[in-house]
Amino acid sequence: MFSINTITAPLKAFLIEIGELSNFVGRFFSEVFKKPYEIKELIRQCYNMGNKSLLLVSITGFIIGLVLTLQTRPTLMEFGAESWMPSMVGISIVREIGPMITALVCAGRIGSGIGAELGSMRVTEQIDAMEVSGTNPFKYLVVTRVLAVTLMLPLLVIIGDMVGLYGSFLVENIKGHVSFQLFFNQVFNSLEFGDIIPATIKSFFFGFAIGIVGCFKGYNCNKGTASVGQAANSSVVFASLLLFVLDFVAVFVTDIFFDL
Amino acid sequence: MKTQDFISPQKEATQSREIVLEIINLYKSFSDNHVLNGFNMKLFKGENLVIMGKSGSGKSVMIKCLVGLMNADKGSIYLMQNELSLLNQETLDHLRADIGFLFQGSALYDSMTVRENLEFPLRRHQNRFSGEFDTEALVLEALKDVGLEHTLDLLPAELSGGMQRRVALARTLILRPKVILYDEPTSGLDPITAKEIILLIQEMQKKFDTSSLIITHDVDCARVISDRMILLIDGINYAQGTFKELSKSDDPKIMAFFKH
(Lines give C-alpha, C1' and ligand atoms only; values in the text may rest on other atoms or scores of the structure.)
Protein backbone atom coordinates (compact mmCIF):
# COMPACT_ATOMS: atom_id res chain seq x y z
CA MET A 1 0.00 0.00 0.00
CA PHE A 2 1.25 3.48 -0.83
CA SER A 3 2.32 5.58 2.10
CA ILE A 4 4.08 8.90 2.41
CA ASN A 5 6.99 6.95 3.85
CA THR A 6 7.79 5.43 0.45
CA ILE A 7 8.68 8.92 -0.76
CA THR A 8 10.16 10.42 2.39
CA ALA A 9 12.38 7.47 3.39
CA PRO A 10 14.62 7.49 0.27
CA LEU A 11 14.66 11.29 0.31
CA LYS A 12 15.72 11.27 3.94
CA ALA A 13 18.42 8.67 3.23
CA PHE A 14 19.65 10.77 0.29
CA LEU A 15 19.78 13.94 2.38
CA ILE A 16 21.61 12.12 5.19
CA GLU A 17 24.15 10.87 2.65
CA ILE A 18 24.64 14.37 1.27
CA GLY A 19 25.14 15.63 4.83
CA GLU A 20 27.68 12.90 5.59
CA LEU A 21 29.50 13.58 2.31
CA SER A 22 29.66 17.31 3.16
CA ASN A 23 31.09 16.40 6.54
CA PHE A 24 33.65 14.17 4.82
CA VAL A 25 34.62 17.01 2.47
CA GLY A 26 34.96 19.33 5.48
CA ARG A 27 37.23 16.80 7.19
CA PHE A 28 39.33 16.56 4.02
CA PHE A 29 39.96 20.31 4.01
CA SER A 30 40.73 20.34 7.72
CA GLU A 31 43.31 17.54 7.31
CA VAL A 32 44.90 18.48 3.98
CA PHE A 33 47.11 21.26 5.36
CA LYS A 34 48.13 19.43 8.53
CA LYS A 35 51.44 17.58 8.90
CA PRO A 36 52.60 14.93 8.06
CA TYR A 37 52.07 15.45 4.33
CA GLU A 38 52.56 11.81 3.21
CA ILE A 39 54.36 12.94 0.04
CA LYS A 40 55.69 9.45 -0.78
CA GLU A 41 52.19 7.97 -0.71
CA LEU A 42 50.84 10.90 -2.75
CA ILE A 43 53.45 10.27 -5.47
CA ARG A 44 52.65 6.55 -5.43
CA GLN A 45 48.95 7.28 -5.84
CA CYS A 46 49.62 9.82 -8.63
CA TYR A 47 51.60 7.12 -10.46
CA ASN A 48 48.90 4.50 -9.90
CA MET A 49 46.06 6.73 -11.00
CA GLY A 50 47.78 8.78 -13.68
CA ASN A 51 50.15 6.41 -15.40
CA LYS A 52 47.89 3.39 -15.19
CA SER A 53 44.87 5.26 -16.59
CA LEU A 54 46.83 6.72 -19.48
CA LEU A 55 46.27 3.92 -21.97
CA LEU A 56 42.53 3.72 -21.30
CA VAL A 57 42.08 7.49 -21.57
CA SER A 58 44.18 7.60 -24.76
CA ILE A 59 42.24 4.79 -26.46
CA THR A 60 38.90 6.37 -25.48
CA GLY A 61 40.02 9.82 -26.66
CA PHE A 62 41.33 8.44 -29.96
CA ILE A 63 38.09 6.59 -30.72
CA ILE A 64 35.95 9.58 -29.74
CA GLY A 65 37.99 11.79 -32.12
CA LEU A 66 37.63 9.27 -34.94
CA VAL A 67 33.91 8.69 -34.45
CA LEU A 68 33.05 12.35 -33.99
CA THR A 69 34.78 13.28 -37.24
CA LEU A 70 33.40 10.32 -39.20
CA GLN A 71 29.83 11.03 -38.13
CA THR A 72 29.92 14.81 -38.49
CA ARG A 73 31.73 14.91 -41.83
CA PRO A 74 28.81 13.93 -44.10
CA THR A 75 26.54 16.60 -42.54
CA LEU A 76 29.15 19.32 -42.92
CA MET A 77 29.81 18.19 -46.52
CA GLU A 78 26.12 18.56 -47.28
CA PHE A 79 26.44 22.28 -46.49
CA GLY A 80 29.86 22.56 -48.07
CA ALA A 81 31.33 23.35 -44.70
CA GLU A 82 33.86 20.54 -44.27
CA SER A 83 36.61 23.12 -43.84
CA TRP A 84 35.04 23.93 -40.49
CA MET A 85 35.69 20.41 -39.28
CA PRO A 86 38.98 21.06 -37.41
CA SER A 87 37.52 24.06 -35.60
CA MET A 88 34.33 22.27 -34.70
CA VAL A 89 36.08 19.12 -33.48
CA GLY A 90 38.71 21.16 -31.60
CA ILE A 91 36.18 23.26 -29.72
CA SER A 92 33.90 20.31 -28.93
CA ILE A 93 36.73 18.12 -27.66
CA VAL A 94 38.54 20.78 -25.64
CA ARG A 95 35.46 22.42 -24.14
CA GLU A 96 33.24 19.49 -23.37
CA ILE A 97 33.81 16.02 -24.79
CA GLY A 98 37.42 15.62 -23.65
CA PRO A 99 36.96 16.59 -19.97
CA MET A 100 33.64 14.80 -19.64
CA ILE A 101 34.59 11.52 -21.33
CA THR A 102 37.95 11.39 -19.52
CA ALA A 103 36.23 12.09 -16.19
CA LEU A 104 33.62 9.40 -16.81
CA VAL A 105 36.29 6.88 -17.79
CA CYS A 106 38.25 7.78 -14.63
CA ALA A 107 35.12 7.57 -12.48
CA GLY A 108 34.80 3.99 -13.72
CA ARG A 109 38.43 3.04 -13.39
CA ILE A 110 39.75 5.15 -10.50
CA GLY A 111 36.54 5.82 -8.53
CA SER A 112 35.53 2.17 -8.36
CA GLY A 113 39.12 1.18 -7.57
CA ILE A 114 39.29 3.56 -4.63
CA GLY A 115 35.86 2.49 -3.38
CA ALA A 116 36.73 -1.20 -3.56
CA GLU A 117 40.22 -0.81 -2.09
CA LEU A 118 39.20 1.29 0.90
CA GLY A 119 36.04 -0.79 1.40
CA SER A 120 38.10 -3.95 1.50
CA MET A 121 40.57 -2.32 3.90
CA ARG A 122 37.68 -1.32 6.16
CA VAL A 123 36.15 -4.79 6.13
CA THR A 124 39.45 -6.54 6.86
CA GLU A 125 40.23 -4.08 9.68
CA GLN A 126 43.31 -2.70 7.91
CA ILE A 127 42.07 0.86 8.49
CA ASP A 128 41.62 0.08 12.19
CA ALA A 129 45.12 -1.42 12.29
CA MET A 130 46.48 1.78 10.79
CA GLU A 131 44.70 3.90 13.38
CA VAL A 132 45.88 1.71 16.24
CA SER A 133 49.47 2.02 15.01
CA GLY A 134 49.21 5.80 15.48
CA THR A 135 48.86 6.71 11.79
CA ASN A 136 45.93 8.88 10.79
CA PRO A 137 44.22 6.66 8.18
CA PHE A 138 42.15 9.55 6.83
CA LYS A 139 45.30 11.49 6.08
CA TYR A 140 47.22 8.53 4.71
CA LEU A 141 44.46 6.94 2.63
CA VAL A 142 41.87 9.61 1.83
CA VAL A 143 43.82 12.86 1.53
CA THR A 144 46.53 11.32 -0.67
CA ARG A 145 44.04 9.64 -3.01
CA VAL A 146 41.79 12.67 -3.40
CA LEU A 147 44.78 14.92 -4.08
CA ALA A 148 46.21 12.42 -6.56
CA VAL A 149 43.00 12.24 -8.63
CA THR A 150 42.55 16.01 -8.45
CA LEU A 151 46.07 16.56 -9.78
CA MET A 152 46.10 13.76 -12.34
CA LEU A 153 42.73 14.26 -14.00
CA PRO A 154 43.58 17.61 -15.71
CA LEU A 155 46.75 16.00 -17.10
CA LEU A 156 44.77 13.02 -18.35
CA VAL A 157 42.23 15.39 -19.91
CA ILE A 158 44.97 17.27 -21.78
CA ILE A 159 46.46 14.00 -23.06
CA GLY A 160 42.98 12.65 -23.93
CA ASP A 161 42.21 15.87 -25.85
CA MET A 162 45.44 15.67 -27.82
CA VAL A 163 44.94 12.02 -28.73
CA GLY A 164 41.30 12.74 -29.64
CA LEU A 165 42.35 15.57 -31.94
CA TYR A 166 44.92 13.29 -33.51
CA GLY A 167 42.19 10.68 -34.15
CA SER A 168 40.12 13.38 -35.82
CA PHE A 169 43.10 14.46 -37.91
CA LEU A 170 43.59 10.88 -39.14
CA VAL A 171 40.05 10.77 -40.53
CA GLU A 172 40.44 14.22 -42.09
CA ASN A 173 43.76 13.21 -43.58
CA ILE A 174 42.43 9.98 -45.05
CA LYS A 175 39.09 11.33 -46.26
CA GLY A 176 39.89 14.95 -47.03
CA HIS A 177 43.69 14.92 -47.57
CA VAL A 178 44.15 17.60 -44.94
CA SER A 179 47.75 18.01 -43.77
CA PHE A 180 48.81 17.75 -40.13
CA GLN A 181 49.91 21.41 -40.07
CA LEU A 182 46.73 22.73 -41.66
CA PHE A 183 44.50 20.69 -39.36
CA PHE A 184 46.18 21.74 -36.14
CA ASN A 185 46.60 25.37 -37.32
CA GLN A 186 42.84 25.53 -37.76
CA VAL A 187 42.22 23.84 -34.42
CA PHE A 188 44.45 26.21 -32.46
CA ASN A 189 43.27 29.30 -34.35
CA SER A 190 39.71 28.56 -33.34
CA LEU A 191 40.54 27.89 -29.67
CA GLU A 192 40.62 30.73 -27.14
CA PHE A 193 41.60 30.98 -23.51
CA GLY A 194 37.89 30.99 -22.79
CA ASP A 195 37.79 27.43 -24.12
CA ILE A 196 40.93 26.06 -22.47
CA ILE A 197 40.94 27.66 -19.00
CA PRO A 198 37.39 26.76 -17.88
CA ALA A 199 37.84 23.22 -19.22
CA THR A 200 41.07 22.81 -17.26
CA ILE A 201 39.57 24.28 -14.09
CA LYS A 202 36.54 22.05 -14.24
CA SER A 203 38.83 19.03 -14.70
CA PHE A 204 40.29 19.72 -11.23
CA PHE A 205 36.75 19.73 -9.81
CA PHE A 206 35.91 16.53 -11.69
CA GLY A 207 39.01 14.87 -10.25
CA PHE A 208 38.15 16.04 -6.75
CA ALA A 209 34.59 14.72 -7.11
CA ILE A 210 35.77 11.28 -8.30
CA GLY A 211 38.33 11.01 -5.49
CA ILE A 212 36.14 12.24 -2.66
CA VAL A 213 33.13 10.10 -3.64
CA GLY A 214 35.27 6.95 -4.03
CA CYS A 215 36.98 7.56 -0.69
CA PHE A 216 33.68 8.42 1.05
CA LYS A 217 32.00 5.24 -0.14
CA GLY A 218 34.99 3.00 0.62
CA TYR A 219 35.98 4.57 3.93
CA ASN A 220 32.45 4.32 5.31
CA CYS A 221 31.86 0.82 3.96
CA ASN A 222 29.88 -1.49 6.24
CA LYS A 223 31.08 -4.88 7.36
CA GLY A 224 30.81 -7.77 4.91
CA THR A 225 32.20 -8.51 1.47
CA ALA A 226 28.93 -7.57 -0.27
CA SER A 227 29.32 -4.01 0.94
CA VAL A 228 32.72 -3.78 -0.80
CA GLY A 229 31.00 -4.41 -4.13
CA GLN A 230 28.31 -1.91 -3.22
CA ALA A 231 30.94 0.67 -2.31
CA ALA A 232 32.68 0.21 -5.67
CA ASN A 233 29.42 0.31 -7.60
CA SER A 234 27.93 3.30 -5.82
CA SER A 235 31.24 5.18 -6.14
CA VAL A 236 30.92 5.03 -9.93
CA VAL A 237 27.20 5.84 -10.02
CA PHE A 238 27.35 8.70 -7.54
CA ALA A 239 30.55 10.17 -9.02
CA SER A 240 29.15 10.01 -12.58
CA LEU A 241 25.96 11.81 -11.53
CA LEU A 242 28.00 14.39 -9.67
CA LEU A 243 30.15 14.94 -12.77
CA PHE A 244 27.07 15.89 -14.82
CA VAL A 245 25.88 18.27 -12.10
CA LEU A 246 29.33 19.84 -11.86
CA ASP A 247 29.50 20.11 -15.64
CA PHE A 248 26.20 21.95 -15.72
CA VAL A 249 27.42 24.36 -13.01
CA ALA A 250 30.74 24.81 -14.84
CA VAL A 251 29.02 25.65 -18.14
CA PHE A 252 26.70 28.05 -16.35
CA VAL A 253 29.58 29.83 -14.60
CA THR A 254 31.70 29.87 -17.79
CA ASP A 255 28.80 31.44 -19.64
CA ILE A 256 28.74 34.28 -17.12
CA PHE A 257 32.49 34.94 -17.07
CA PHE A 258 33.52 34.14 -20.64
CA ASP A 259 30.33 35.02 -22.48
CA LEU A 260 30.19 31.85 -24.61
CA MET B 1 24.10 -8.54 38.56
CA LYS B 2 27.11 -8.98 40.88
CA THR B 3 30.32 -10.53 39.54
CA GLN B 4 31.10 -13.97 40.91
CA ASP B 5 34.60 -13.57 42.25
CA PHE B 6 36.59 -16.79 42.42
CA ILE B 7 39.84 -15.08 43.38
CA SER B 8 41.05 -15.87 46.91
CA PRO B 9 41.87 -12.89 49.23
CA GLN B 10 45.58 -13.85 49.21
CA LYS B 11 45.68 -13.67 45.41
CA GLU B 12 43.82 -10.38 45.43
CA ALA B 13 46.50 -9.00 47.75
CA THR B 14 49.28 -10.00 45.37
CA GLN B 15 47.42 -8.16 42.64
CA SER B 16 47.84 -4.77 44.27
CA ARG B 17 50.27 -4.11 41.42
CA GLU B 18 50.38 -1.34 38.88
CA ILE B 19 47.22 -1.20 36.78
CA VAL B 20 47.99 -0.73 33.09
CA LEU B 21 44.45 -0.86 31.70
CA GLU B 22 41.18 -0.29 33.47
CA ILE B 23 37.55 -0.24 32.38
CA ILE B 24 34.91 1.10 34.75
CA ASN B 25 31.22 0.57 34.15
CA LEU B 26 31.30 0.40 30.35
CA TYR B 27 28.06 0.56 28.39
CA LYS B 28 27.65 0.16 24.63
CA SER B 29 24.51 -0.40 22.59
CA PHE B 30 23.71 -0.71 18.90
CA SER B 31 20.09 0.47 18.59
CA ASP B 32 18.17 -1.93 20.85
CA ASN B 33 21.02 -4.39 21.17
CA HIS B 34 22.68 -3.70 24.53
CA VAL B 35 26.10 -5.28 24.10
CA LEU B 36 27.91 -4.04 27.20
CA ASN B 37 25.92 -3.32 30.35
CA GLY B 38 28.39 -2.02 32.90
CA PHE B 39 31.52 -4.03 32.18
CA ASN B 40 34.48 -3.64 34.56
CA MET B 41 38.04 -4.83 34.15
CA LYS B 42 41.58 -4.22 35.42
CA LEU B 43 44.74 -5.45 33.75
CA PHE B 44 47.79 -5.54 36.01
CA LYS B 45 51.37 -5.14 34.90
CA GLY B 46 52.91 -8.40 33.70
CA GLU B 47 49.60 -10.23 33.79
CA ASN B 48 47.92 -12.35 31.12
CA LEU B 49 44.22 -11.69 31.42
CA VAL B 50 41.85 -13.72 29.25
CA ILE B 51 38.35 -12.49 28.59
CA MET B 52 36.06 -15.26 27.40
CA GLY B 53 32.61 -14.92 26.01
CA LYS B 54 30.37 -16.45 23.42
CA SER B 55 30.29 -15.11 19.86
CA GLY B 56 28.44 -11.81 19.82
CA SER B 57 28.88 -11.28 23.55
CA GLY B 58 30.67 -7.98 22.98
CA LYS B 59 34.31 -9.02 23.44
CA SER B 60 35.51 -7.34 20.26
CA VAL B 61 33.33 -4.27 20.94
CA MET B 62 34.93 -3.96 24.37
CA ILE B 63 38.47 -4.23 23.03
CA LYS B 64 37.72 -1.68 20.29
CA CYS B 65 36.34 0.75 22.88
CA LEU B 66 39.51 0.16 24.87
CA VAL B 67 41.80 1.46 22.11
CA GLY B 68 39.46 4.23 20.97
CA LEU B 69 38.34 2.58 17.72
CA MET B 70 34.76 2.76 18.98
CA ASN B 71 33.14 5.23 21.34
CA ALA B 72 31.45 3.83 24.43
CA ASP B 73 28.01 5.13 25.42
CA LYS B 74 28.95 5.41 29.09
CA GLY B 75 31.81 4.50 31.39
CA SER B 76 35.50 5.25 31.83
CA ILE B 77 38.55 3.70 30.22
CA TYR B 78 42.07 4.26 31.56
CA LEU B 79 45.14 3.52 29.45
CA MET B 80 48.27 3.65 31.62
CA GLN B 81 46.43 5.88 34.11
CA ASN B 82 45.20 8.26 31.34
CA GLU B 83 41.48 8.56 30.83
CA LEU B 84 40.78 7.83 27.18
CA SER B 85 37.97 10.34 26.71
CA LEU B 86 40.20 13.21 27.90
CA LEU B 87 43.10 12.47 25.57
CA ASN B 88 43.80 14.56 22.48
CA GLN B 89 44.65 12.77 19.24
CA GLU B 90 48.39 13.35 19.53
CA THR B 91 48.62 11.93 23.07
CA LEU B 92 46.39 9.03 22.11
CA ASP B 93 48.60 8.21 19.11
CA HIS B 94 51.65 8.38 21.36
CA LEU B 95 50.01 6.06 23.91
CA ARG B 96 48.92 3.66 21.19
CA ALA B 97 52.57 2.86 20.53
CA ASP B 98 52.66 1.35 24.03
CA ILE B 99 49.61 -0.75 23.29
CA GLY B 100 49.96 -3.39 20.59
CA PHE B 101 46.86 -4.84 18.96
CA LEU B 102 46.71 -8.19 17.20
CA PHE B 103 43.58 -8.26 15.08
CA GLN B 104 41.33 -11.26 14.63
CA GLY B 105 41.97 -11.49 10.88
CA SER B 106 45.62 -10.33 11.15
CA ALA B 107 44.73 -7.07 9.29
CA LEU B 108 47.96 -7.01 7.30
CA TYR B 109 48.06 -4.27 4.66
CA ASP B 110 47.53 -6.37 1.56
CA SER B 111 49.04 -3.89 -0.90
CA MET B 112 52.33 -3.89 1.02
CA THR B 113 55.01 -6.55 1.36
CA VAL B 114 55.81 -8.11 4.72
CA ARG B 115 58.77 -5.73 5.04
CA GLU B 116 56.58 -2.67 4.36
CA ASN B 117 53.95 -3.94 6.79
CA LEU B 118 56.54 -4.07 9.55
CA GLU B 119 58.10 -0.75 8.59
CA PHE B 120 54.73 1.01 8.64
CA PRO B 121 54.33 1.49 12.44
CA LEU B 122 57.97 2.55 12.68
CA ARG B 123 57.37 5.60 10.46
CA ARG B 124 55.36 7.37 13.15
CA HIS B 125 57.20 6.17 16.23
CA GLN B 126 60.90 6.41 15.43
CA ASN B 127 61.44 8.45 18.61
CA ARG B 128 60.82 5.30 20.67
CA PHE B 129 64.26 4.03 19.74
CA SER B 130 67.22 5.87 21.16
CA GLY B 131 70.53 6.19 19.31
CA GLU B 132 71.13 4.62 15.91
CA PHE B 133 67.86 3.67 14.27
CA ASP B 134 68.13 0.83 11.79
CA THR B 135 64.74 -0.02 10.32
CA GLU B 136 66.07 -3.00 8.37
CA ALA B 137 67.62 -4.56 11.47
CA LEU B 138 64.46 -4.05 13.52
CA VAL B 139 62.29 -5.60 10.81
CA LEU B 140 64.61 -8.58 10.43
CA GLU B 141 64.79 -9.09 14.18
CA ALA B 142 61.00 -8.99 14.54
CA LEU B 143 60.57 -11.49 11.72
CA LYS B 144 63.28 -13.73 13.16
CA ASP B 145 61.41 -13.74 16.48
CA VAL B 146 58.38 -15.26 14.76
CA GLY B 147 60.48 -17.51 12.52
CA LEU B 148 59.58 -15.87 9.21
CA GLU B 149 62.66 -13.96 8.12
CA HIS B 150 62.43 -15.58 4.66
CA THR B 151 59.07 -13.90 3.94
CA LEU B 152 60.47 -10.36 3.87
CA ASP B 153 59.51 -9.53 0.30
CA LEU B 154 56.33 -11.56 0.03
CA LEU B 155 52.83 -10.10 -0.05
CA PRO B 156 50.34 -11.14 2.67
CA ALA B 157 48.27 -12.99 0.05
CA GLU B 158 51.25 -15.29 -0.52
CA LEU B 159 51.28 -16.39 3.14
CA SER B 160 49.17 -19.01 4.91
CA GLY B 161 46.71 -17.97 7.67
CA GLY B 162 49.15 -19.03 10.39
CA MET B 163 52.04 -17.17 8.77
CA GLN B 164 49.89 -14.06 8.42
CA ARG B 165 49.09 -14.22 12.14
CA ARG B 166 52.82 -14.53 12.90
CA VAL B 167 53.66 -11.53 10.71
CA ALA B 168 50.86 -9.57 12.40
CA LEU B 169 52.38 -10.49 15.77
CA ALA B 170 55.80 -9.33 14.56
CA ARG B 171 54.23 -6.04 13.42
CA THR B 172 52.62 -5.65 16.85
CA LEU B 173 55.87 -6.37 18.67
CA ILE B 174 58.13 -4.20 16.55
CA LEU B 175 57.34 -1.07 18.60
CA ARG B 176 58.08 -2.96 21.86
CA PRO B 177 54.64 -2.25 23.39
CA LYS B 178 54.07 -2.54 27.13
CA VAL B 179 50.63 -4.04 26.69
CA ILE B 180 49.33 -6.28 23.89
CA LEU B 181 45.67 -6.80 23.13
CA TYR B 182 44.86 -9.99 21.29
CA ASP B 183 41.48 -10.21 19.56
CA GLU B 184 40.79 -13.94 19.03
CA PRO B 185 44.44 -14.82 18.26
CA THR B 186 43.62 -18.41 17.30
CA SER B 187 40.36 -17.94 15.42
CA GLY B 188 40.26 -19.38 11.91
CA LEU B 189 43.39 -21.47 12.47
CA ASP B 190 43.67 -25.26 12.57
CA PRO B 191 44.39 -26.74 16.04
CA ILE B 192 48.10 -27.33 15.39
CA THR B 193 48.71 -23.81 14.05
CA ALA B 194 46.58 -22.38 16.86
CA LYS B 195 48.79 -24.16 19.40
CA GLU B 196 51.91 -22.81 17.67
CA ILE B 197 50.51 -19.28 17.87
CA ILE B 198 49.68 -19.70 21.57
CA LEU B 199 53.22 -20.91 22.31
CA LEU B 200 54.66 -18.07 20.26
CA ILE B 201 52.56 -15.53 22.18
CA GLN B 202 53.83 -16.99 25.48
CA GLU B 203 57.42 -16.91 24.24
CA MET B 204 57.14 -13.30 23.11
CA GLN B 205 55.55 -12.27 26.38
CA LYS B 206 58.45 -13.71 28.31
CA LYS B 207 60.99 -12.12 25.98
CA PHE B 208 59.48 -8.62 25.97
CA ASP B 209 57.91 -8.69 29.45
CA THR B 210 54.51 -7.43 28.27
CA SER B 211 51.08 -7.46 29.87
CA SER B 212 48.41 -9.11 27.76
CA LEU B 213 44.69 -8.93 27.35
CA ILE B 214 43.46 -11.86 25.32
CA ILE B 215 39.94 -12.02 23.96
CA THR B 216 38.97 -15.54 22.99
CA HIS B 217 36.36 -18.25 23.03
CA ASP B 218 39.02 -20.94 22.67
CA VAL B 219 39.18 -22.86 25.98
CA ASP B 220 42.54 -24.44 25.14
CA CYS B 221 44.04 -21.03 24.48
CA ALA B 222 42.64 -19.74 27.77
CA ARG B 223 43.95 -22.73 29.74
CA VAL B 224 47.51 -22.39 28.45
CA ILE B 225 47.85 -18.64 28.45
CA SER B 226 45.78 -17.15 31.26
CA ASP B 227 46.91 -15.98 34.68
CA ARG B 228 43.39 -14.77 35.33
CA MET B 229 40.11 -14.95 33.43
CA ILE B 230 36.95 -12.89 33.15
CA LEU B 231 33.78 -14.40 31.71
CA LEU B 232 31.82 -11.83 29.71
CA ILE B 233 28.16 -12.85 29.86
CA ASP B 234 25.12 -10.61 29.30
CA GLY B 235 27.40 -7.60 28.83
CA ILE B 236 28.98 -7.77 32.28
CA ASN B 237 31.98 -9.48 33.84
CA TYR B 238 29.87 -12.36 35.09
CA ALA B 239 32.69 -14.20 36.84
CA GLN B 240 36.41 -13.91 37.33
CA GLY B 241 39.17 -16.14 38.64
CA THR B 242 41.87 -18.49 37.42
CA PHE B 243 41.11 -21.09 34.77
CA LYS B 244 41.21 -23.81 37.44
CA GLU B 245 38.86 -21.93 39.74
CA LEU B 246 36.33 -21.13 37.06
CA SER B 247 36.39 -24.59 35.52
CA LYS B 248 35.31 -26.05 38.88
CA SER B 249 32.26 -23.78 39.15
CA ASP B 250 28.83 -25.39 39.27
CA ASP B 251 27.09 -22.34 37.79
CA PRO B 252 25.48 -23.57 34.53
CA LYS B 253 26.42 -20.40 32.65
CA ILE B 254 30.06 -20.82 33.62
CA MET B 255 30.05 -24.58 33.11
CA ALA B 256 28.86 -24.06 29.54
CA PHE B 257 32.28 -22.59 28.65
CA PHE B 258 34.28 -25.56 29.91
CA LYS B 259 32.18 -28.41 28.54
CA HIS B 260 33.79 -30.19 25.59
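User: A residue is buried if 20 or more other C-beta atoms lie within 10 Å of its own, exposed if 12 or fewer, and partly exposed in between, with C-beta atoms placed from the backbone. Is F204(A) buried, exposed or partly exposed?

Analyst: This is a predicted model: local features need pLDDT of at least 70, side-chain atom pairs count only at pLDDT 80 or more, and totals for chains, interfaces and linings use all residues. Residues are numbered from 1 along each chain as its sequence is written, while chains are lettered from A and ligands numbered from 1 in the order in which they are written. F204(A) has 15 other C-beta atoms within 10 Å, so F204(A) is partly exposed.

User: Which residues does F204(A) contact, leaving aside its neighbours within four places in sequence?

Analyst: F204(A) belongs to helix α7 (residues 193-219) of chain A. Helices (H or I, at least four residues) and strands (E, at least two) are DSSP runs, numbered from the N terminus. V149(A) is 55 residues away in sequence, yet 8.4 Å from F204(A), C-alpha to C-alpha. Contact needs C-beta atoms, placed from the backbone, within 7 Å, and the partners of F204(A) are T150(A) and P154(A).

User: What percentage of the residues in chain A are buried?

Analyst: Chain A has eight helices and zero strands. Its C-alpha atoms fill a box of roughly 65 × 55 × 35 Å along the principal axes. Of the 260 residues in chain A, the buried share is 43%.

User: Among contacts in chain A between residues at least 6 apart in sequence, what share joins residues at least 24 apart?

Analyst: Along the sequence, chain A reads α-α-α-α-α-α-α-α. Of its contacts between residues at least 6 apart, the share joining residues at least 24 apart is 88%.

User: Which element gives the most to the side of chain B that touches chain A?

Analyst: The contact draws 14 residues from chain B and ten residues from chain A. On the chain B side, α3 (89-96) and α4 each supply at least two residues. The element giving the most, with three residues, is α4(B).

User: How are α4(B) and α6(B) oriented to each other?

Analyst: Helix α4 (residues 114-124) and helix α6 (residues 161-173) of chain B pack at about 30°, with axes 8 Å apart. Axes are lines fitted to C-alpha atoms, for helices over the stretch in contact, and angles run from 0 to 180 degrees between N-to-C directions. Angles under 35 degrees count as roughly parallel, over 145 as roughly antiparallel, 65 to 115 as roughly perpendicular and the rest as oblique. α4(B) is therefore, relative to α6(B), roughly parallel.

User: Which residues of α6(B) meet α4(B)?

Analyst: From α4(B) come V114(B), N117(B), L118(B) and P121(B). Their partners in α6(B) are V167(B), A170(B) and R171(B).

User: Which residues of α7(B) meet α6(B)?

Analyst: The axes of α6(B) and α7(B) come within 10 Å and cross at roughly 15°, so these helices are roughly parallel. α6(B) brings G162(B), R165(B), R166(B), L169(B) and L173(B). α7(B) answers with T193(B), E196(B), I197(B), L200(B), M204(B) and F208(B).

User: Which helix gives the most to the side of domain 1 of chain B that touches domain 2 of chain B?

Analyst: An automatic or database assignment sets domain bounds; for chain B it gives domain 1 (4-98 + 180-258) and domain 2 (114-176). Their C-alpha centres lie 25 Å apart. The contact takes eleven residues from domain 1 of chain B and 13 residues from domain 2 of chain B. On the domain 1 side, six residues come from the top contributor, helix α7 (residues 191-208) of chain B.

How values were computed
Contact = placed C-beta atoms within 7 Å.
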